[in-house]
Amino acid sequence: MQNDDPTQALAAFVAGLRWSEIPSTVQVRVVDILIDAVACGLLGQSVGEIPQLARMQAELGRAGDSTVLGGHPSSAMAACLVNGYLVTAATICDAHLPTQCHVAPEVLPPSMAVAEARGSSGEDLLVAFAVGLEVTTRVGLALKPPVMRARGWHAPGVTGPFGGAAAAGRLLGLNPARQAVALGLAGSEASGTFAQWGTMAVKFHQGSGAVSGLMAATLAEHGFSGCTDILTNPVGGLLNTYSDGGDAGQITAGLGETWQLMQISLRSWPVAALMQSLVGAVVGVLSDDTFDRDAVERVVVSLSSKAFAMHGDMPWPDSFTARLSSRYIASVVLLDQACGLQQFSTERLAAQDVNAFAKELVDVVENPAAQEGETSVTVTLKDGTTLHVVTDAPPGHPDSPLTRADIERKFLAASQGLSLAGDPSDLLAALGNLESTPDVTAVLGGLRLRR
């Protein structure tokens, strides 16, 4: 089969890319996303459902020495699943907004598992991570996100296995033919629907995508067979099955020259991707010298149609749903003048002031004319003063990216309270210099808990 087949073209790209062939600006971005993902995984240890994952890990991963971020080592499979969930658990991981897909949670865990087991170099790990990010985003674009979403599919569970298989396959040294098989096997694992929205299972899709990628690449390494044109096969190919035939050209257009991973957003606040602009707008209101929270008469939050459908009427009975609720987010950020993990604690969720404010003073409305990420907040004070802020590119958006310093602060904050095997400052320096590291085992091992 010729390399003009999208699956074959991706396989050749994954197997053949070298770090030196990646533009320097993209190299920097890859390292930024990796450090951010590790920070998110460490932060994930603070969320309420992690003890349930830990019990699962104890049952399924009794033997093994694969690093769990901020946790105890486990089998490669269990570590991959838990790390995938940890990176997304605190709702502060990356998001590729064009495909509405969190990408690093499916790509980093299999990259870590294989790199640690094989004693891979930092450069090899970075190349694997880069191709995993790129494959996930390109497959997602080819699926025509609005069409796929209309059919109920949740992107991380559908496209994530492809990125995970690409990353793991690269580190396993698969040639193009074997890598095409790995992608084919990843297609058999593609799953996850929006029926799970608002439940823990929607984040489980990221963990399952990571595990699926690891399994696919490992099976391919051992000679397992699978479809090698999984993306466009007329009978059950991904684009025909999960979309309306999709747009296969998105997979190969400018491959290796135009980097779709550059469109990945990093999150500043622990709320849903489309709610980042809401927090940005509220922060804009708070910066106005005339704002007085005790003098608020009314707050109107205006969301795009997509954001309104997902977040407009979301209740907030627990921390998980509160991070998705536009009404709660606007209220607690205005009252606390902050948006951190503590704003979604059990105590804050039960507080009378924020609940009364949200239910009595905040209206959430749909603005069909707004672009997908556009949000406006209008605060009317009791003296008649009106404060109005519109935002569509909050910090972390590709148009307003987080700096390396921002990401480093996020990492150091995430490491607080965790007895990591490595010193956080030393780990941060090592992650920032991975391309010069001959063996990543010690660096990755430093991210687990001290024995």
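Across the whole of the predicted model, a search finds 5 aromatic pairs, a pair being counted where the ring centres of Phe, Tyr or Trp (its six-membered ring) lie within 6.5 Å, with planes under 30 degrees apart classed as stacked, over 60 as edge-to-face and the rest as tilted. The model being a prediction, local features need pLDDT of at least 70 and side-chain atom pairs count only at pLDDT 80 or more, whereas totals for chains, interfaces and linings use all residues. Residues are numbered from 1 along each chain as its sequence is written, and side-chain values use heavy atoms, with hydrogens and water left out.

One of these pairs is formed by F13 and W259, which are tilted, with 5.9 Å from centre to centre and 55 degrees between the planes. Because F13 belongs to helix α1 (residues 6–16) and W259 to the loop between α12 (249–252) and β2 (264–265), the pair ties together parts that are 246 residues apart in sequence; helices (H or I, at least four residues) and strands (E, at least two) are DSSP runs, numbered from the N terminus. F13 and W259 are both buried, a term that denotes under 20% relative accessible area, as against exposed at over 50% and partly exposed in between (1.4 Å probe, protein chains only).

A tilted pair is also formed by W316 and Y328, at 6.0 Å centre to centre and with 40 degrees between the planes. W316 lies in the loop between α14 and α15 (319–322) and Y328 in helix α16 (residues 326–336), so that the pair ties together parts 12 residues apart in sequence. W316 and Y328 are likewise buried, and together with F344 they form one aromatic cluster. A ring is also involved where R149 lies over the face of F194, at 3.7 Å from the ring centre, the criterion being that NZ of Lys or CZ of Arg is within 6 Å of the ring centre and within 35 degrees of the ring normal.

On a 1 Å grid over the protein atoms alone, a cavity is a set of points where a 1.4 Å probe fits but cannot get out, a pocket is an open set with protein on both sides within 12 Å along at least five of seven lines, and lining residues have an atom within 4 Å of a point. Grid points are joined across faces, edges and corners, and a volume is the space filled by probe spheres set on the points.

The largest cavity holds about 270 Å³ of space and is lined by 21 residues, with H102, H154, W197, A272 and A273 nearest its centre. Helices α10 (201–221) and α14 (305–311) each supply at least two residues of this lining, and the largest share, 3 residues, comes from α10. The second largest cavity has a volume of about 130 Å³, and of the 16 residues that line it, L97, A273, Q276, P394 and H397 are the closest to its centre. The largest pocket, with a volume of about 300 Å³, is lined by 17 residues, among which V47, G48, E49, S319 and F320 lie nearest its centre.

In helix α19 (residues 404–415) lies F411, which is buried with a relative accessible area of 0%. Apart from neighbours within four places in sequence, F411 is in contact (heavy atoms within 4.5 Å) with I35, V38, A39, L42, P424, L427, L428, L431 and L447.
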